[in-house]
Structures are given as structure tokens and as C-alpha cells.
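Let's take a walk through this protein together. Please have the sequence and the 3D view open as you read.

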Amino acid sequence: LCEKGLVSRNYCLTCNSTKTAATQFVSHSFSRDQLLYITCFLTPYLESLARREDRGSTKPIEKVVDVGSRLGIVLTAFSYANPSIKSIVGIEMNSALCELQRRLIKAHQARGAEARA
């Protein structure tokens with residue numbers, strides 16, 4: 001994406017300044033244990049923490065976006081483990097993988113999940 005000019009490797013720390021920093025990209029190839037931890041423990045914990053500390057927003061997490069969602073495992077995991085999340089979107093550039101995600105979502109009736117190319 002960087003080579004195509006769609007994503008910058010750097011960003012401005014202060015508007016209209018030359019003070020820049022490298023963009024941090026988060027990549028995932030989750031193990032089963034990591035995915036279980038994120039969907040079943042971390043996400044509900046963050047929601048409860050936000051409610052407890054009353055940070056001005058008591059709304060639950062409404063949307064999860066998985067960029068580069070490949071087979072759609074994160075989509076289906078969040079769909080099953082987090083019923084309060086209304087929208088789970090997988091974005092995948094490979095149209096064959098995106099179609100596979102759509103079939104898996106339909107077959108497993110993954111509530112709120114959607115695959116986009």
C-alpha cells in the first residue's frame with residue numbers, strides 16, 4: 001500500500017510541522033490462543049473498563065474492522081464471541097478470499113459480519 005501511495009509511512013505529529021514519526025502498522029497472524037484472548041477476554045474487558053471509569057462514553061464497541069482479513073477468521077470469531085458488536089467488517093483486496101469470506105459468513109450465520117473487497 002505504501003508503494004502504491006495509498007498509505008504513508010510517516011505522519012505529522014504537529015499540524016503544519018516537519019516533526020514527523022513513522023506510522024506503526026499492526027499486522028496479525030493470530031494464533032488460536034491470541035484470537036481467543038482478544039475476542040473473549042480483552043474486548044469485553046475494555047468495554048467494562050470504559051463503563052466503569054465513565055470516560056464520557058458508555059456505549060459498547062459497535063464496530064470492528066479487520067483490514068487484510070484473508071480467510072475471515074477474525075470476523076467469525078468476533079461474531080460468535082461478542083454479540084454486542086453490531087458490525088464486523090473484513091476488508092480484503094484478494095477477491096477470491098473475499099468471496100470465500102462471504103460464503104463462510106453465510107454458512108456459519110455470522111451475525112453482523114460483512115466482507116468487502
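The model is predicted, so to speak of local features we need pLDDT of at least 70, and side-chain atom pairs count only at pLDDT 80 or more, while totals for chains, interfaces and linings use all residues. Residues are numbered from 1 along each chain as its sequence is written, and side-chain values use heavy atoms, with hydrogens and water left out.

Begin with pLDDT, the predictor's confidence in each residue, from 0 to 100. Its mean over the protein is 78, and 71% of the residues reach 70 or more. Confidence is highest in helix 3 (residues 95–107), at a mean of 89, and lowest in strand 2 (residues 20–22), at 66. Helices (H or I, at least four residues) and strands (E, at least two) are DSSP runs, numbered from the N terminus. Where pLDDT is low, the predicted coordinates should not be read in detail.

Now look for the open sheet of three strands, which has the order 3-4-5 and parallel pairing; two strands pair if DSSP finds at least two bridges between them. Strand 3 (63–67) and strand 5 stand at the edges with a single partner strand each, so one side of each is left without a neighbour in the sheet. Strand 3 pairs with strand 4 (residues 87–91) over five bridges, and Val67 stands opposite Ile91 in strand 4.

Which residues touch the most other members of the largest nonpolar core? Of its 14 residues, they are Val64, Leu75, Phe78, Ile85, Ile88, Ile105 and Ala113. Helix 1 (32–53), helix 2 (73–81), helix 3 and strand 5 (113–116) each give two or more residues to this core, and helix 2 gives the most, with four. Such a core is a set of buried Ala, Val, Leu, Ile, Met, Phe, Trp, Tyr and Cys residues joined through side-chain atoms within 4.5 Å.

Finally, find Asn82 in the loop between helix 2 and strand 4. At 3% relative accessibility, Asn82 counts as buried, meaning under 20% relative accessible area (1.4 Å probe, protein chains only). A polar atom of its side chain lies 3.1 Å from the backbone oxygen of Thr39.

Conventions. Buried < 20%, exposed > 50% of the residue type's maximum accessible area, 1.4 Å probe, protein only. Polar contact = N/O pair within 3.5 Å; in protein donor to acceptor, adjacent residues only side chain to side chain.
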